[in-house]
Amino acid sequence: MASVAPLSPPIDPADDQSLESVVVRFAGDSGDGMQLTGGQFTLSTALAGNDLATFPDFPAEIRAPQGTLFGVSAFQINFGSTDITTAGDAPDVLVAMNPAALKTNVKDLKPGGLIIADEGEFNDRNLAKAKYEANPLTDGSLAQWQLLSLNISQLTLDSVKPFGLGNKEALRCKNMWTLGLALWMFDRDRQPIVAWLKAKFAKAPELADANIAALDAGHAYGETAEISGEGLGLKQHHVPSAAVPSGLYRTVTGAEAISLGLVAGTQLAGLPMFFGGYPITPASAILHHLSRLKEYGVTTFQAEDEIAAIASAIGASYAGSLGITSSSGPGIALKGEAIGLAIMTELPLVIVNSQRGGPSTGLPTKTEQSDLYQAVYGRNGDAPMPVIAARSPADAFECAIEACRIAVQYMTPVMLLTDGYIANAAEPWKVPDMATFAPFPVTFMDTAQEGGFLPYARDEKLKRPWVKPGTPGLMHRIGGIEKGVNTGHIEYSPANHQAMTDIRQNKVLGIADSLPDQDVSLGTDSGKLVVVGWGSTFGPIHQAVRRARAKGRDVSHVHIRHIWPLPKNLGTLLKGYEKIIVPEMNTGQLKTVLRDQYLVDAKPLNKVSGQPFRIAEIEAAIEDALK
Amino acid sequence: MNDMTPVAKMTPKDWETDQEVRWCPGCGDYAILKAVQRTLPEIGARPESTVFVSGIGCSSRFPYYVESYGFHTIHGRAPAVATGVKLANPELDVWIITGDGDALSIGGNHTMHILRRNLDCQILLFNNEIYGLTKGQYSPTSREGTRSPSTPFGSVDRPAKPAAFALGSGARFVARGFDVSKNLPDVLKAAYAHKGAAFVEIFQNCIVYNKDVFADFTEKKNADDGQLWLENGKPMLFGKGAKGIALDREALTLKVVDVVDGDWQAADVIVHDVTNRSVAHMLVEMPFGSFPMALGVLYDDPAPSFESAVVAQNEQAAKGKTPDLQKLVSQGQTWTVGSGAETDAAEAGSAGSGPEL
Ligand code: SF4
């Protein structure tokens with residue numbers, strides 16, 4: 001049933017079954033429950049004290065035809081005892097639940113890495129669907145890797161037999177069998193997963209029992225194989241806990257962190273939240289999370305379209321809530337005119353863009369950072385708007401609070417950029433102490449200024465007053481037509497338009513006064529080379545720079561959160577390095593902004609394959625630049 | 001939401017702003033503005049709790065001229081903005097001012113959804129069957145054959161019927177009036193009294209680009225035969241009581257019948273019941289020409305409003321829960337890392353990681 005050589009490097013370099021970090025990828029048909037398996041493995045790994053990063057990669061189709069190459073769903077996790085910031089370049093272990101999963105993923109596996117394949121699915125039909133002419137499990141084509149070929153389907157059926165499930169339902173437990181084996185391989189506790197299964201199938205205890213039996217059987221299989229010394233090559237590996245600051249931890253996805261951050265932000269502002277959304281991948285998760293948090297003064301509204309989603313949020317901000325909307329690139333494009341209205345009427349608003357591959361519908365489930373131009377420049381007229389970018393799921397929490405702060409303190413729409421990778425990926429998060437966040441309570445104007453009410457008068461930050469309808473004596477009219485300075489009346493005069501354009505511009509640029517100086521994430525504040533990034537490229541850049549520095553290279557990493565306005569010291573900082581490279585998952589958008597703003601020779605490093613950067617790719621670019 | 005200190009009775013003048021009104025002289029919009037300013041004091045509205053929201057077009061300048069809160073938004077989106085306003089503060093009186101292009105062309109989607117959701121507001125659609133602000137192109141309500149700068153040989157598409165569209169979208173209140181009608185304030189009052197989305201189509205004369213297009217029923221000399229003013233509980237009579245509307249029971253349509261000596265019962269004239277949705281569907285489809293124009297309140301049958309349902313659900317969902325940010329961020333599966341880097345599962349809550357497919 002199984003044949004494999006004993007495990008050898010790279011999975012076990014020291015042969016003492018103790019590893020610094022391991023990358024495991026679960027791949028199967030989209031109906032095989034790989035995201036669930038990965039999610040549960042992630043949880044148990046977090047509970048074991050490892051640092052980790054994950055990368056869920058699933059097809060755009062909800063129910064892609066079974067067994068096809070485009071129906072493959074994969075979940076990668078990198079975990080270890082060191083600081084983990086990426087989902088890992090090449091997997092050490094690939095779990096392939098069918099031929100299509102093997103075909104689409106095996107090329108990424110490290111040479112010598114371990115393949116665990118369900119041979120029960122490698123029948124003629126599935127082989128043909130995956131366009132294999134011969135069975136790769138038996139034709140020797142996988143010789144450069146270690147192969148553990150098990151009939152997982154049969155083993156699962158055997159393990160759940162007592163529960164009398166139909167064949168189809170019984171086979172659904174395959175993912176739990178596989179998870180059981182994986183848990184054993186890395187010495188993970190099954191208990192949290194047992195608890196989770198019981199809760200998940202509370203209404204169908206026989207399904208809970210069957211899944212638990214499959215989980216136990218997979219685990220027992222590993223144990224028995226090792227003890228019996230059958231030469232299956234199965235060994236248990238120990239990945240020590242990471243040395244992380246002490247405290248309370250949880251796992252968090254970007255979508256969760258943004259939702260929590262938006263709730264925290266509105267609470268710190270002392271405002272109710274109004275969230276207008278329209279379903280779109282990969283942004284919908286934020287709408288889902290927030291719709292359950294009514295006790296925090298959250299009203300969620302699933303609008304009829306993207307335009308209504310933002311327009312309703314603007315209406316809510318006008319009426320005294322903090323209006324928030326969220327979408328992905330194509331939806332943000334539809335919101336463009338309304339963003340202009342929020343800029344013209346100077347109302348607070350937060351717009352979250354979970355970027356995905358574009359243009360048009362593009363790659364809905366794949367990640368990209370190609371909406372930076374759209375965020376900074378993508379409106380009619382001179383329409384300045386602050387833009388913030390989150391670097392990781394956990395970072396998205398603080399970014400969301402920051403977006404709320406800027407929106408209310410400057411009466412402006414703010415765009416928060418995240419991406420499909422951040423939205424879906426999970427990472428351990430040290431639960432923040434909410435007492436350390438300074439509130440920024442909003443005061444609405446309720447009495448006229450001395451000398452009469454002026455809805456477009458300014459404070460020292462150039463912010464206009466926020467007056468809620470319902471306030472006696474301060475009735476006024478606003479709209480998208482150019483406003484007169486101070487009065488807010490319709491005003492078309494040339495001098496007034498010049499003045500108002502300048503005010504809008506200076507107000508947004510002035511936000512830089514409230515921003516911390518740009519820091520250097522890793523390295524020194526001058527030198528030969530700096531790698532400048534933004535958003536979810538943080539992980540691979542950080543690791544690549546770390547590795548290069550370990551080799552003695554003079555390279556530093558600067559990661560920008562505030563894309564617009566840029567931090568005040570950034571220009572001076574960048575000019576302290578001889579060379580600048582800017583890795584981006586687009587064709588060079590931040591690079592263009594940096595060149596424009598600072599006249600520096602920023603060189604692009606671009607990738608738009610829908611997959612995150614690999615550390616090695618950035619490392620190579622660093623070596624190249626320092627040649 | 002206002003304190004209840006007695007306030008001096010307001011007059012139409014109190015609802016005027018200092019802004020110069022910029023419609024063409026003789027435009028029907030002036031009369032509608034006056035009708036609204038006359039209605040507001042009579043219904044006891046307060047300027048501070050009244051919000052006029054508009055889109056884009058001649059009619060959408062309206063909020064600038066009413067002394068209340070006002071939001072002149074973007075083309076077609078007034079219903080969406082108004083939805084946010086009302087959900088954020090359900091105590092505000094929200095009026096939406098829109099036109100045929102704004103509400104039925106670029107904003108058709110929002111008009112449909114605000115009506116089906118039944119947001120408590122008044123929607124005044126100024127129908128002039130033309131694009132005025134952009135200088136006279138034909139609109140979605142223009143009649144077939146309308147010659148305009150964009151249709152020099154006449155339009156070939158069939159017009160939308162605003163009241164039928166509203167009813168079809170699920171509106172619970174549909175009424176009609178016209179700019180210079182003395183009955184318009186009464187129609188507006190009924191709309192205001194209706195809790196939920198109240199849709200009012202107001203025929204409006206664009207004297208520059210579509211002059212007198214409604215004269216066949218709005219002009220005095222045509223009023224008797226051209227206007228059917230509906231009143232709840234009253235027979236559907238017009239033509240000085242000499243004609244009425246009856247049901248053709250064979251064809252299941254309406255028909256015009258002669259009423260002899262005021263005996264409308266003998267002629268089987270229908271008694272208007274504002275809650276009868278089937279008859280309302282027939283009234284909004286009644287072709288003008290062979291029939292008079294049905295005016296007044298065509299349909300009025302309240303249902304729970306959207307914002308009240310949202311508020312009720314929010315309250316229900318929040319019941320018994322105390323907001324606690326620290327607790328919120330600490331939810332899900334958590335673990336504690338001690339100073340000795342020891343790890344243990346703290347709380348096995350719901351698993352939070354990884355999307356479920
Ligand atoms: S163009 Fe027509 S609708 Fe517009 S203001 Fe002039 S008359 Fe009125």
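Student: How many helices and strands are there in chain A?

Tutor: Happy to start there. This is a predicted model, in which local features need pLDDT of at least 70, side-chain atom pairs count only at pLDDT 80 or more, and totals for chains, interfaces and linings use all residues. Residues are numbered from 1 along each chain as its sequence is written, chains are lettered from A and ligands numbered from 1 in the order in which they are written, and side-chain values use heavy atoms, leaving out hydrogens and water. Helices (H or I, at least four residues) and strands (E, at least two) are DSSP runs numbered from the N terminus, and chain A has 20 helices and 20 strands.

Student: What radius of gyration does chain A have, and why does it agree with a compact globule?

Tutor: The radius is taken over C-alpha atoms, and the globule rule is 2.2 Å times the number of residues to the power 0.38. Because chain A has 627 residues, that rule puts a compact globule near 25 Å. The C-alpha atoms fill a box of roughly 90 × 60 × 45 Å along the principal axes.

Student: What share of the residues of chain A count as buried?

Tutor: Buried means under 20% relative accessible area, exposed over 50%, and partly exposed in between (1.4 Å probe, protein chains only). Of the 627 residues of chain A, the buried share is 64%.

Student: Which domains does the assignment give for chain A, and how many residues of domain 1 are in contact with domain 2?

Tutor: Domain bounds come from an automatic or database domain assignment, which here gives domain 1 (21–224), domain 2 (250–436) and domain 3 (520–626). The centres of domain 1 and domain 2 of chain A, taken over C-alpha atoms, are separated by 34 Å. Contact means heavy atoms within 4.5 Å. Nine residues of domain 2 are in contact with residues of domain 1, and on the domain 1 side the number is 16.

Student: Is A:Thr266 buried or exposed, and which residues is it in contact with?

Tutor: A:Thr266 sits in helix 9 (residues 254–269) of chain A. Its relative accessible area is 0%, so A:Thr266 is buried. Leaving aside neighbours within four places in sequence, its contacts are A:Leu271, A:Met273, A:Leu322, A:Ile324 and A:Cys404.

Student: How far apart in space are A:Leu127 and A:Gly67?

Tutor: A:Leu127 lies in helix 3 (residues 124–129) of chain A and counts as buried, at 7% relative accessibility. Not counting residues up to four places away in sequence, A:Leu127 touches residues including A:Pro99, A:Phe122 and A:Tyr132. A:Leu127 and A:Gly67 are 60 residues apart in sequence, and their C-alpha to C-alpha distance is 8.7 Å.

Student: What is the phi of A:Ser360?

Tutor: Most residues other than glycine have a negative phi. A:Ser360 lies in the loop between strand 11 and helix 13 of chain A, and is exposed, with a relative accessible area of 62%. Although A:Ser360 is not a glycine, its phi is positive, at about 55°.
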